[in-house]
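Have the picture open while you read.

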Amino acid sequence: MARDLTSPDISRDREPPRRASDTLPEGYDFKPFANRRIAVVGLGKAGLPAAYRLRDWGAEIVVWDDSPAQREAAEAAGFTVADVTAVPFAQDTLLLSPGIPHRLPRTHPAAARALAAGAPILCDAEFLFLAARAAGSRAQFVGITGTNGKSTTTALLRHILKGAGMPVAAGANLGPAATALPLLARGAYVLEMSSYMLERLDALHFDMAAVLNLSPDHLDRHGGMPGYTEAKARILTGNRVSVLGMDDGDSRALASRIRGRLVPVSGTTPQPGGVWAEGRLLRDAEGPILDLDEAAALPGTHNAQNAAAAAALALALGITRAQLAEGLRSYPGLPHRQERVAEQDGVLYVNDSKATNADSTAWALGTYPRVIWIAGGVPKEGGIEPLVPFFPRVAHAVLIGRCAEEFAATLAAHGVAHEIAGTLEAALPAARDAARRLDAPVVLLSPAAASFDQYSGFEARGEHFRTLVQSLEKAA
């Protein structure tokens with residue numbers, strides 16, 4: 001019988017009822033953006049909530065989306081739909097959905113119109129900050145970014161603060177859109193910030209911020225690694241406390257930019273003045289915080305660094321060491337990030353669908369000594385060649401998706417046993433049989449590739465994996 005080990009995501013971890021003193025009242029008189037004309041382009045996860053909230057906050061809103069269906073839905077909701085790509089830009093500001101480029105690799109026509117008119121192009125977190133400060137909020141803004149680990153660190157910090165009784169709202173790139181969050185009177189906003197969002201900030205400067213790590217990603221959007229680094233580094237402007245991951249050279253190099261208090265963190269190496277892990281013992285200069293073996297949802301050295309970053313921020317926010325330890329211990333984890341789905345006949349099934357590049361998969365492979373590895377999809381630059389040092393941990397690989405042949409060639413060149421299954425439906429039974437035959441205790445989905453050849457996103461891929469594991473249980 002398989003044990004269901006599925007962990008909730010941030011949206012399922014429901015907030016308790018807030019005290020009236022935790023949030024600020026919003027009524028007809030609260031119009032921080034009255035007489036401000038804002039064009040909202042891209043009506044997806046961030047754009048549509050922003051359009052609703054900004055309208056409530058008094059802004060004059062026009063909306064546009066390249067999808068006719070989205071435009072029709074917005075019009076039905078009472079929004080003014082106008083093609084801002086076809087006429088001179090007449091608004092004060094463009095709120096452009098983070099996934100839509102405003103410069104590289106190709107400027108969206110709406111962005112081109114706004115740039116020509118000298119109008120700022122902003123993300124929705126900017127408007128949350130302006131509204132909160134206009135309402136007199138004393139809540140601190142905490143920003144978290146990095147190539148990998150930012151979702152786990154954001155959700156972990158939120159969990160720690162919530163458990164300690166601090167009013168907290170978390171979202172932006174993870175969970176609810178920034179403009180969908182409540183106006184807190186006090187406490188903390190914990191915002192996961194992508195490079196796409198960071199390049200569209202103006203007034204927002206975080207009270208505290210963390211850069212976890214940097215490795216090549218989204219290079220077409222930022223014109224190369226220097227541009228990507230510059231976008232990420234914007235989160236460190238004007239902070240009172242800056243938490244910096246020290247386990248890679250690119251993030252370490254950002255230390256010279258920090259003007260406030262620097263707190264270095266590491267999953268492997270002592271950091272004077274910071275927080276680090278010695279083996280699995282999380283500690284700082286004052287002594288041990290927690291043996292991370294007690295935190296089942298935080299395996300591996302990468303999660304040790306995530307825990308160190310969350311701990312550094314929590315301590316800076318006034319959380320006690322006892323509250324911090326309990327929050328780390330009780331953290332349930334996020335789906336699709338080394339999610340322990342089930343254990344059946346001595347084999348653990350792990351869903352790491354969020355690992356869409358080799359760097360992310362390296363963390364997963366480094367966590368388990370011997371695995372059956374399911375990988376493949378749409379390859380990122382460099383493929384799986386950077387994972388060669390971890391190949392001795394792979395008892396057998398089962399390959400899916402567009403890059404199966406490419407990955408097979410790399411594995412063959414290094415003597416790693418493998419087969420091409422093509423789809424997850426075929427891969428799961430093959431992986432289960434290999435785990436039994438080779439006495440490998442872990443079946444790991446960590447694709448090292450994007451999902452868009454077969455799925456709408458990594459979430460859909462991970463959900464399918466979970467469903468298939470449950471089907472194996474029923475068959476057994």
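Which residues does UniProt list for "domain: Mur ligase central"? The unreviewed entry gives residues 144-314. Keep in mind that what you see is a predicted model.

Now for the helix pairs. Two packed helices are described by the angle between their axes and the distance between the axes. Here are two pairs to compare by eye:

| Pair | Residues | Angle between axes | Axis distance |
|---|---|---|---|
| α5 and α10 | 150-163 and 300-316 | roughly 45 degrees | within 9 Å |
| α14 and α15 | 424-438 and 458-475 | about 50 degrees | 10 Å |

Start with α5 and α10, whose axes cross at roughly 45 degrees, so α5 counts as oblique to α10. Their crossing is right-handed. On the α5 side you'll find T152, T153, L156, L157 and I160, which meet N303, N306, A307, A309, A310, L313 and A314 of α10. Sort the residues of this contact by class and you get eight nonpolar, four polar and no charged.

Next come α14 and α15, packed at an angle of about 50 degrees, so α14 is oblique to α15. This crossing is right-handed too. From α14, the contact uses L424, E425, L428 and R432, while α15 brings R461, H464, F465, L468, V469 and L472. What classes do the residues of the contact of α14 with α15 fall into? Six are nonpolar, one is polar and three are charged.

Definitions and conventions. Residues numbered from 1 in each chain as written. Predicted model: local features only at pLDDT ≥ 70, side-chain atom pairs only at ≥ 80, totals over all residues. Heavy atoms only, no water. UniProt positions renumbered as here; feature names shortened; annotations may be inferred. Axes fitted to C-alpha atoms, helices over the stretch in contact; angles between N-to-C directions. Helix = DSSP H or I, 4+ residues; strand = E, 2+ residues; numbered from the N terminus. Parallel < 35°, antiparallel > 145°, perpendicular 65-115°, else oblique. Left-handed = near helix turned anticlockwise from the far one by under 90°. Contact = heavy atoms within 4.5 Å. Nonpolar A, V, L, I, M, F, W, Y, C, P; charged D, E, K, R; others polar.
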